[in-house]
Amino acid sequence: MNIMRKSAETGGTLSRKGTVSKADLAAEKTKNEEAAMMADIAKLNSMSIRFTKFKTLLDMPVIDLEQLRKLSWAGIPEEIRSTVWKLLMGYLPSSADRREATLQRKRKEYEEYVAQSFGRGKATLDQALYHQIHIDVHRTHANIPLYQTPRIQEALERVLYCWAIRHPASGYVQGINDLVTPFFHVFLQSYTKGDVEKADLDQVSPEMLMEVEADSFWCLTKLLDGIQDNYTHAQPGIQRQINRLKELINRIDARLYSHLQAQGVEFIQFAFRWMNCLLMRELSLRNTIRMWDSYQAEGTDGFSDFHLYVCAAFLVKWTEQLKKLEFQVCLKAMDHASPHVLK
Amino acid sequence: MSKDDEYDYLFKVVLIGDSGVGKSNLLGRFTRNEFNLESKSTIGVEFATRSINVDGKVIKAQIWDTAGQERYRAITSAYYRGAVGALLVYDIAKQQTYENVNRWLKELRDHADTNIVIMLVGNKSDLKYARAVPTDEAKQFSTENGLSFIETSALDATNVELAFQKILTEIYRIVSNKALESENNERGAVPGAGQSITVAPTDTNAPKKAGGCC
């Protein structure tokens with residue numbers, strides 16, 4: 001009885017309040033809408049200001065790379081990312097009057113590489129190498145239809161093959177197929193309207209695609225030059241990075257460190273791939289591209305030193321969850337769950 | 001500890017073989033009953049577990065799936081240590097992957113424990129019309145080299161369960177025989193055995209069920 005009366009009272013109060021606040025609600029709604037609109041405008045304004053800042057920098061006869069790096073750290077607008085990446089990777093010269101000539105020369109050079117290797121058909125290629133690249137390209141971003149089109153796959157195969165035969169110290173190593181795609185994606189984007197993943201490839205001429213390919217080749221080359229010993233025999237670069245990650249975690253999160261030790265989880269068991277594929281297996285391509293804005297903004301050590309700190313942050317993010325898990329689950333969580341958590 | 005963690009024996013098994021023969025999908029089929037056409041190449045070493053029953057004992061298989069590419073050997077061979085079993089996989093439709101089996105056996109001889117149980121696995125048996133390696137040839141090779149042999153298809157699930165069941169049973173027989181021997185010699189130490197658990201006795205008072213499921 002008591003309860004019923006109480007609820008009736010509450011109901012009464014509620015309905016009374018409801019009638020009174022209808023007008024209030026409407027006013028509130030308008031207020032909220034206004035606030036959201038203002039926030040949108042503010043966001044657009046700041047984007048526009050950022051864009052203008054980039055534009056001003058890019059229009060200078062000699063680009064101040066230091067400024068460009070500073071600006072790029074927080075993310076590069078999609079419309080100009082292709083140009084900015086080429087500048088930050090040191091592929092495009094900072095002085096405007098040398099840019100076009102350099103591009104033409106580099107692209108021609110790459111075309112010659114392709115002609116040398118692929119000019120007499122695929123049968124003349126190093127079959128073991130080509131086979132490895134071929135099967136890996138077919139399972140690269142298999143979830144994105146763009147990467148399942150034969151034209152794109154063949155382009156990626158050429159880039160990887162030409163790179164591999166020019167770098168015998170490491171040769172092609174599985175995972176490098178992932179590393180070429182952010183470049184390829186961003187550069188192709190600049191030739192298509194709208195979302196590159198949904199682009200009509202018929203509008204990309206063979207000449208355009210060859211340019212995307214050449215630019216991707218040279219930027220991949222620059223990237224790998226900086227982390228070459230990640231891919232030479234026994235992969236000493238990766239081993240070193242893993243040791244440094246271990247030391248770092250011990251310093252910043254000793255409890256997580258001792259938990260992993262106690263569970264017998266070795267850093268190499270989960271962090272090897274993080275280093276080998278620069279976290280591309282754990283993050284979406286979209287997120288990777290955004291991360292690479294900052295990596296490149298960090299300068300020459302972005303893909304090695306800075307990446308190490310990113311990995312540490314990545315690991316520490318799950319400290320609380322990981323501390324509750326024992327060996328098997330711990331490893332499995334890092335192997336499989338991490339992409340879902342972050343996406 | 002959850003139910004998952006209760007087991008009588010913990011066996012470490014490695015999956016090795018050339019790139020693209022389907023190692024990861026064999027593991028996916030066995031541990032998650034999944035086949036992924038879009039699976040990416042394995043980088044370094046990946047890991048999964050599943051428990052099965054052998055002679056009323058719970059055997060927990062800790063399976064390390066390795067990258068097939070040559071460059072990763074230095075990394076992956078470190079994982080051979082302590083492994084009691086190896087599934088050496090080739091692709092029945094790719095002659096080269098079968099020819100490389102000898103190189104993989106050498107890898108095991110160089111890096112794994114000498115008494116590791118090895119099973120040769122001809123995967124992709126669903127590709128009937130593309131077969132390049134005759135079953136008899138692989139079978140004979142296995143006999144000559146003291147390996148068990150089976151053909152599987154991770155895609156249509158043929159023999160995958162059986163392959164793991166077979167190798168784990170074989171390991172179990174060896175380990176439990178050894179355990180018996182050492183029990184006779186000196187009580188206590190059980191080599192290779194995981195942590196033992198007490199299994200509750202069956203309730204003898206429970207009414208007997210009539211046969212059949214209904």
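**Two interfaces of chain A**

Domain 1 of chain A and domain 2 of chain A bury about 1100 Å² between them, with 72% of that area on carbon and sulfur atoms; buried area here is the accessible area (1.4 Å probe) that two parts lose on being put together, summed over both. This is a predicted model, in which local features need pLDDT of at least 70 and side-chain atom pairs count only at pLDDT 80 or more, while totals for chains, interfaces and linings use all residues. Residues are numbered from 1 along each chain as its sequence is written, chains are lettered from A and ligands numbered from 1 in the order in which they are written, and side-chain values use heavy atoms, with hydrogens and water left out.

Q: Which residues of domain 1 of chain A lose the most area to domain 2 of chain A?
A: Chain A is divided into domain 1 (96-226) and domain 2 (236-335), with bounds that come from an automatic or database domain assignment. The contact (heavy atoms within 4.5 Å) takes 15 residues from domain 1 and eleven residues from domain 2. Together giving 39% of what the domain 1 side buries, the residues that lose the most area are Asp178(A), Leu179(A) and Pro182(A).

Q: What area is buried between chain A and chain B?
A: In this interface, 34 residues of chain A are in contact with 28 residues of chain B. Carbon and sulfur atoms give 49% of the area buried between the two chains, and the whole comes to about 2600 Å².

Q: Which residues of chain A lose the most area to chain B?
A: On the side of chain A, three residues together account for 24% of what is buried there. Those that lose the most area to chain B are Arg139(A), Gln174(A) and Gln328(A).

Q: Which side chains meet in a salt bridge at 2.7 Å, N to O?
A: Between chain A and chain B the count is one salt bridge. The side chains that meet at 2.7 Å, taken from N to O, are those of Glu46(B) and Arg273(A).

How values were computed
A salt bridge is a side-chain nitrogen of Lys or Arg within 4 Å of a carboxyl oxygen of Asp or Glu.
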